[in-house]
Amino acid sequence: MATKATTHPTLLDLANASDPDGKIAVITEILNETNEVLDDMVVLEGNLPTGNKTTVRSGLPEPTWRKLYGGVQPTKANSVPVTDTTGMLEAYAEVDKELADLNGNTAAFRLSEDRAHIEGISQEIANTLFYGDEDLYPERFTGLGPRYNDLSAENAKNIIDAKGTGSDNASIWLVVWGPNTCYGIVPKGSKAGLVHEDKGQVTIENVDGLNGRMEAYRSHYQQKLGLTVRDWRYVVRICNIDKSLLTTDVSTGANLPELMFEASEIIPNLASGRAAWYMSRTLRTKARQQAANGTSSSTLAIENVGGKRLITMHDIPMKRVDALAADEARIV
């Protein structure tokens with residue numbers, strides 16, 4: 001199955017390897033709980049302090065049919081150097097010292113209060129992974145959306161138009177994560193995953209807007225992350241899905257299982273990495289309903305992997321990403 005195709009590290013794997021006391025790993029697990037895409041994304045250390053420089057193959061060498069006593073001209077592949085940058089996401093969490101101490105387990109209470117900040121970081125990462133655009137927001141990294149947003153571009157072969165024309169369109173993504181396909185990056189020499197620093201007890205000035213002060217505990221969170229698409233053939237976007245037209249019997253709107261089948265056939269080799277579908281809750285629900293309604297022998301399956309329920313379509317896990325619930329303009 002595509003779910004077991006690779007053992008390359010995720011953010012949690014890197015955190016476990018870099019933090020022997022396990023504290024960062026625990027925080028990274030919380031991050032994964034709120035954002036399923038981080039369970040799959042392969043993350044590697046970049047070769048630059050600000051990102052990663054790699055070579056993307058843009059053309060293959062042409063072989064020669066040689067006849068006896070005929071020569072063969074040497075050829076080479078065409079490649080293009082690409083530099084991807086990383087972004088730096090930070091947050092401070094503060095809690096009243098007296099409130100935290102009343103709990104009896106100050107550290108556990110602080111972490112429970114910090115979950116909101118971790119959730120905010122998780123949502124921002126997911127949003128940037130799919131919609132981040134350095135041309136509009138230079139401090140962020142460029143996600144998948146701006147790389148697959150032109151039906152006349154060279155990579156348009158990997159963009160399937162679901163024909164939606166409304167203003168509430170959505171996308172389903174098929175990504176094969178791997179070191180030679182598509183992967184997340186952290187800057188060279190930096191810590192991987194969500195880094196937590198306990199700032200301890202601090203005095204907060206002007207806490208009430210009237211120059212009042214308060215003793216508090218402060219935590220600092222930082223996440224450095226970027227994205228590299230080494231081989232664009234291993235990402236497929238099903239775009240222009242008009243959400244308002246979707247029906248269970250496909251009487252109107254897109255036929256999601258058929259489009260997903262088409263997308264899976266575009267990938268050269270699903271065994272080249274860790275493959276997964278990414279979509280909003282609405283689209284995942286409708287895709288499951290359409291698949292179940294269409295045939296009794298559909299490719300929809302539900303398994304239990306590591307104590308978690310895993311829904312697959314065409315043997316590829318279907319993951320929910322709430323950031324993809326955003327309304328998208330029609331891609332042309």
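Trainee: Why does Lys97 count as buried?

Mentor: Its relative accessibility is 18%, and buried means under 20% relative accessible area, exposed over 50% and partly exposed in between, with a 1.4 Å probe and protein chains only, so Lys97 falls in the buried class. This is a predicted model, in which local features need pLDDT of at least 70 and side-chain atom pairs count only at pLDDT 80 or more, whereas totals for chains, interfaces and linings use all residues. Residues are numbered from 1 along each chain as its sequence is written, and side-chain values use heavy atoms, with hydrogens and water left out.

Trainee: What makes Lys97 and Asp101 a salt bridge?

Mentor: The term requires a side-chain nitrogen of Lys or Arg within 4 Å of a carboxyl oxygen of Asp or Glu, and the closest N and O atoms of Lys97 and Asp101 are 2.8 Å apart, so the pair qualifies. The two residues are four apart in helix α3 (residues 97-102), and therefore separated by about one helical turn; helices are DSSP runs of H or I with at least four residues, strands runs of E with at least two, both numbered from the N terminus. Asp101, at 30% relative accessibility, counts as partly exposed.

Trainee: How many salt bridges does this rule give, and what does the pair of Asp40 and Lys319 link?

Mentor: The count comes to 13 salt bridges. In the one between Asp40 and Lys319, the closest N and O atoms are 2.9 Å apart, and this pair links distant parts of the chain, with Asp40 in the loop between α2 (23-33) and β1 (43-45) and Lys319 in strand β13, 279 residues apart. Both Asp40 and Lys319 are buried.

Trainee: How do you know that Arg330 and Asp161 meet in a salt bridge, and why is Arg330 called partly exposed?

Mentor: The N to O distance between their side chains is 3.2 Å, and the pair joins distant parts of the chain, Arg330 in the segment after β13 and Asp161 in strand β4, 169 residues apart. Arg330 has 33% relative accessibility and so counts as partly exposed, whereas Asp161, with a relative accessible area of 17%, is buried.

Trainee: Why is Asp168 said to have no salt bridge?

Mentor: Asp168 is buried, and the nearest side chain of opposite charge, Lys243, is 5.8 Å away. The Asp168 side chain does, however, reach the backbone nitrogen of Ser244 at 3.2 Å. Asp168 lies in the loop between β4 (159-161) and β5 (169-177).

Trainee: What puts the buried residues of α5 on the same side?

Mentor: In helix α5 (residues 256-266), the buried residues are Leu256, Pro257, Leu259, Met260, Ala263 and Ser264. They cover an arc of only 160° around the axis, which puts them on the same side of α5; that arc is taken from the directions from the helix axis to the C-beta atoms. The face turned away from this buried side carries the exposed residues Glu258 and Glu265. Asn255 caps the N-terminal end of α5, with a side-chain oxygen 3.2 Å from the backbone nitrogen of Glu258.

Trainee: How many disulfides does a search of the whole structure find, and why does Cys182 count as buried?

Mentor: The search finds zero disulfides, a disulfide being a pair of cysteine sulfur atoms within 2.5 Å. Cys182 has 0% relative accessibility and so counts as buried, and Cys239, at 0%, counts as buried too.

Note on methods. Lys, Arg positive; Asp, Glu negative; His and termini not counted. Polar contact = N/O pair within 3.5 Å; in protein donor to acceptor, adjacent residues only side chain to side chain.
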